[in-house]
Amino acid sequence: MLSNIAARDVETLIHPYTNLSTFRETGSLVLERGHGVWVYDSDGRPYLEGMSGLWCTALGYSNEELVEAAAEQMGKLPFAHLFSGRSHDPAIELAETLKELMPVPTSKIFFTSSGSEANDAQIKLLWYMNNALGRPLKKKIIGRRKGYHGVTVATASLTGLPANHTDWDLPIPGFLHAACPHHYRGAEPGESEEAFSERLAAELEAQILAEDPETVAAFFVEPVMGAGGAIVPPAGYFAAIQPVLERYEVRLVADEVICGFGRLGTWFGSEALGIRPHTLSFAKALTSGYLPLGGISIDEPLYRAMLDESVKLGGFGHGTTYSGHPVACAVANRALHIYRRDRIVERAAEKAPHFQAKLASLADHPLVGEARGIGLIGGIELVADKGDKRQYAPKAGVAARCVAFAQDEGLIVRFLMGDRIAVCPPLVIETDEIDTLFERLRRALDRTAAWIAHEGLE
Ligand code: PMP
């Protein structure tokens, strides 16, 4: 029996990324408030938010300074746009700070309201740039299987997950996918991480050559793949692929929507993993998720090409109403101030070894095939047989069941395709809360194992 509020929800809302049929029976978890790393449901029950909402509430809940920043800006100038040469101080200040923080040479910042829009803008600007440079064929974009870059027509095409393609008539032409850099699943028996990385780089090169390098514009990467399973690339991966991209003038775009702003213990994931992208996309933790805001960095060559096109066409034909929304920018400015003042990124790096040790300790659980992460993010993969890495049938929904048990234990984590579970707590999590998180996750795993035995799953 659904509670009154859950029943109202089922009757009225379409939920993103939700099984619309089973949802009618299970109903929703209706959250009411949050404090620190904790959220509370409509019955007042607390949950440790082990996913930072959707990989975004890095500064935790109830941060009064962010609330104040929003209220102040709301009172002063709740809306102003950046079209046709109009501007406002919060956007200018934010662009200046971001330029300083960017791990790559950056000429300008362009704002969007989400990660999807940021990557969509990247794709459009790559096409625009290559037209400006007189190479109209250089337009194909390569992503990776299990990569996630958003849900617009172009970014869902770039995403490498079946759920985003099947029955959506996607990917559209011009979007290709390279192999997923997941050593646990993709390596040959006995193949080292470095050898696996070299092999993937050779495969990427063969793919670019087969397509014709004159037609390939860019390669998109998440430093750590998020929605595809919280997958950490193998050692040497970026060192191996970057020379391939350089050889064929294929630009590298880092999708830092999850990894940006401290998640890997560095300001950007690119720094932690030795990635040297031309441009990068960011969103989520920029405002700690308190308001929608994303954006991209633009390097000098791209900016020059945009200027030339602007001269030729008499303007720049792209932008959305809320690009650089002043309230969102004011919150982001305050968030970045907090990150710096409270050493949020450095402290995330200090807490990371403890977090990673706790994560790795789950590998001794009979259900856990892989437990791997970096910084304050990690993923575990559930298997039926640790020896041959065989999984339970997808329809058994083992990871989904485990996540439901975790919720019952007062912990929010997220299941992903392939019986993987992601953990990505607010960066402000304290050591004792990390302990609580992993104790609860282990109990959920135990209950899942008991349920599997009871159901006789094989
Ligand atoms: N890129 C990455 C790496 C993401 O994780 C996400 C969202 N989870 C997106 C892009 C899309 O962002 P949004 O949902 O804000 O459109």
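This is a predicted model: local features need pLDDT of at least 70, side-chain atom pairs count only at pLDDT 80 or more; totals for chains, interfaces and linings use all residues.
**H14 against H16**

H14 passes H16 in a right-handed crossing. H14 covers residues 344-361 and H16 covers residues 431-455. Their axes are 10 Å apart, and the packing angle is about 15°. The two helices are therefore roughly parallel to each other, since angles under 35 degrees count as such.

Now show side chains at the contact. On H14, pick Lys351, His354, Phe355 and Lys358. On H16, pick Thr431, Ile434, Asp435 and Phe438. Colour by class: the contact of H14 with H16 has three nonpolar, two polar and three charged residues.

**H9 against H10**

Next, select residues 193-211 for helix H9 and residues 237-247 for helix H10. Here the axes lie 8 Å apart, at an angle of about 20°. That makes H9 roughly parallel to H10. The crossing of H9 past H10 is right-handed.

Which residues of H9 and H10 make the contact? From H9 come Ser197, Glu198, Leu200, Ala201, Leu204 and Glu205. From H10 come Tyr237, Ala240, Ile241 and Val244. Colouring by class gives seven nonpolar residues, one polar and two charged in the contact of H9 with H10.

**H6 against H12**

Move to helix H6, residues 115-132, and helix H12, residues 300-313. Look at the angle first. The axes of H6 and H12 cross at roughly 70° and come within 9 Å. H6 and H12 are therefore roughly perpendicular to each other, a label that takes in angles from 65 to 115 degrees. Their crossing is left-handed.

Show the contact residues. H6 supplies Leu125, Tyr128, Met129 and Ala132. H12 supplies Leu302, Ala305, Met306, Asp308 and Glu309. By class, the contact of H6 with H12 divides into seven nonpolar, no polar and two charged residues.

**Along H12 and past its end**

**Two backbone stops**

Most residues other than glycine have a negative phi, and most peptide bonds are trans.

Select tyrosine 17. Tyrosine 17 sits in the loop between helix H1 (4-12) and helix H2 (23-26). Its phi is positive, about 45°, although tyrosine 17 is not a glycine.

Now go to leucine 170 and proline 171. Is the peptide bond that joins leucine 170 and proline 171 cis or trans? It is cis, with omega about 0°. Proline 171 belongs to the loop between helix H7 (153-158) and strand E6 (175-178).

**Zoom out**

The secondary structure comes to 16 helices and 15 strands. The radius of gyration is 22 Å, close to the 23 Å that the globule rule gives for 458 residues, so the protein is as compact as a globular protein of that length. Orient along the principal axes: the C-alpha atoms fill a box of roughly 70 × 60 × 45 Å.

How values were computed. Residues are numbered from 1 along each chain as its sequence is written. Axes are lines fitted to C-alpha atoms, for helices over the stretch in contact, and angles run from 0 to 180 degrees between N-to-C directions. Helices (H or I, at least four residues) and strands (E, at least two) are DSSP runs, numbered from the N terminus. Angles under 35 degrees count as roughly parallel, over 145 as roughly antiparallel, 65 to 115 as roughly perpendicular and the rest as oblique. A crossing is left-handed if the near helix is turned anticlockwise from the far one by less than a right angle, and right-handed if clockwise. Two residues are in contact if their C-beta atoms, placed from the backbone, lie within 7 Å. Ala, Val, Leu, Ile, Met, Phe, Trp, Tyr, Cys and Pro count as nonpolar, Asp, Glu, Lys and Arg as charged, and the others, Gly among them, as polar. The expected span of a helix is 1.5 Å times one less than its number of residues. The radius of gyration is taken over C-alpha atoms; the globule rule is 2.2 Å times the number of residues to the power 0.38.
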